[in-house]
Amino acid sequence: MKRLLSAPFRTALAAACLTVALEAGVTPIAIREDKVIAHAEMLGTNLTDNVLNQNNERFVAYTNPNGAWQTQSDSNWCSGFIPGMFWYLWQLTGNDEWRTDAIHWADGVKSRSTAHDNDVGFQIFEGLGLGYLLDETLRAEYKPYMLEGADTLVDERYNTTIGCFRSWAGNADNPFDLPFETNIDQMMNLELVMWAALNGGPSEYLDYAISHADNSWDNNIREDGSSFHVVSYNLDGSVASKRTHQGWQADSTWSRGQAWAVYGYTLVYQYTNLDRMLERAEKCYDYWIEATRAQDERLVPFSDFDAPIDNDNPRDTSATAIVACAALELYEITGKTHYLRDAEQMLGSLTNPYYLSIFSDYESILMRGSEKWGEPEEGTSFGDFYLLEALYLYRNVEQDAAVITGTWMDYDVLDGQFVDTANWMGWMSIASDPYIYSYDMESWIYAAPEAKSNHGGWVYSFR
């Protein structure tokens, strides 16, 4: 179980998450965390009671452009994210009702362990695997489905000559016919296969996952760390063609596909401890972060890094949520603080009302996600799932305590920016003094020093 031993996140999960979050420095996400989780709980309750009506044969993947969830059957690739969201809400809140909901919808994805679907890894690991890791009382029940799901992926998707798992096309249960296509998303489905290899399944499954990761590096990933979305192979293992299914053009980089590459190689490293997998994760990460910053300093990219910024190129908050998780894992692996700082910035952006649905009618937690280039912005279940996973990961990251670096209006300044005014206006950022940002009011305020009254109050105006 090398990955569980090398990754604090999964170690904590395997130990039923008894880790207590250590005191952290002050950041926007730390300030907003309770509010964000309360908002997620409210929307989670709406999802279970009003959208899905407690029917564990119904799931959601995307909202419509107005933010209303569109229900799907368990065959949708996103079905496992629904119990996965509830597993994380249970951990983030301590409310056992979320555990009950997680078990209920996990029961609804058990049948996916024998499904003709390349996303069995997503469906089973996020739905049942998290339950297995978080609640040891469920392990005897869930383990057979997880092993069976891994067997299904190998039997129906892995071609020993090509050395890859097939994503699409061809017969549903035969990886030895054409066309044979592998998408970059498949890197994430490897986790179920790798877990099985280390937990009672055939040990060669780990070799299959490594082979797939190596071939994807050679053929899906370019020299600069960017990615082709889809590679089509001939049956002798040679490459027939490369294209995109969800990006702009065949040779452009789909931002969420790049996010799958970042997190996928991070996961493969955690299971294998192979240095080349970590090097690949970091290179894919470097491309993603640089390409995203070129589009927006808030670190929320558009759907395609190379496409024009227009109405055909929607934002994709899910890509940021995925990479935030990977960044937190990379920080734990490497100790490189830029990963932590980047993750904090990503979470700070995602929990801003421009992306968080806190002041809207959206039924998803995050707004401004996308299915693919050319489609409108919408909410996504996987974006919500990875936001909750990132919040969970962030709670388990050891950080230095905030440092008093000065005063502002007689209040302590922490880390050169943050001020806690308690009952006056709560947490504020004074980095742009006299323009300050109130996290309680989610607004910029003008508060000049000379505006202080004799009674200690302040005169301020909205910007």
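## Glutamine 399

Glutamine 399 lies in the loop between helix H14 (381-395) and strand E8 (404-408); helices (H or I, at least four residues) and strands (E, at least two) are DSSP runs, numbered from the N terminus. The model is predicted: local features need pLDDT of at least 70, side-chain atom pairs count only at pLDDT 80 or more, and totals for chains, interfaces and linings use all residues. Residues are numbered from 1 along each chain as its sequence is written, and side-chain values use heavy atoms, with hydrogens and water left out.

Glutamine 399 counts as buried because its relative accessibility is 11%; buried means under 20% relative accessible area, exposed over 50%, partly exposed in between (1.4 Å probe, protein chains only). Its side chain makes a polar contact of 3.2 Å with the side chain of tyrosine 394. Such a contact is a pair of N or O atoms within 3.5 Å; within protein, one must be able to donate a hydrogen and the other to accept it, and residues adjacent in sequence count only if both atoms are side-chain atoms.

Serine 429 of E11 is the bridge partner of phenylalanine 418 and stands opposite tyrosine 437 in E12.

## Helix H8

In helix H8 (residues 186-197), 12 of 12 residues are buried, among them Trp195 and Glu191.

Conventions:
Two strands pair if DSSP finds at least two bridges between them.
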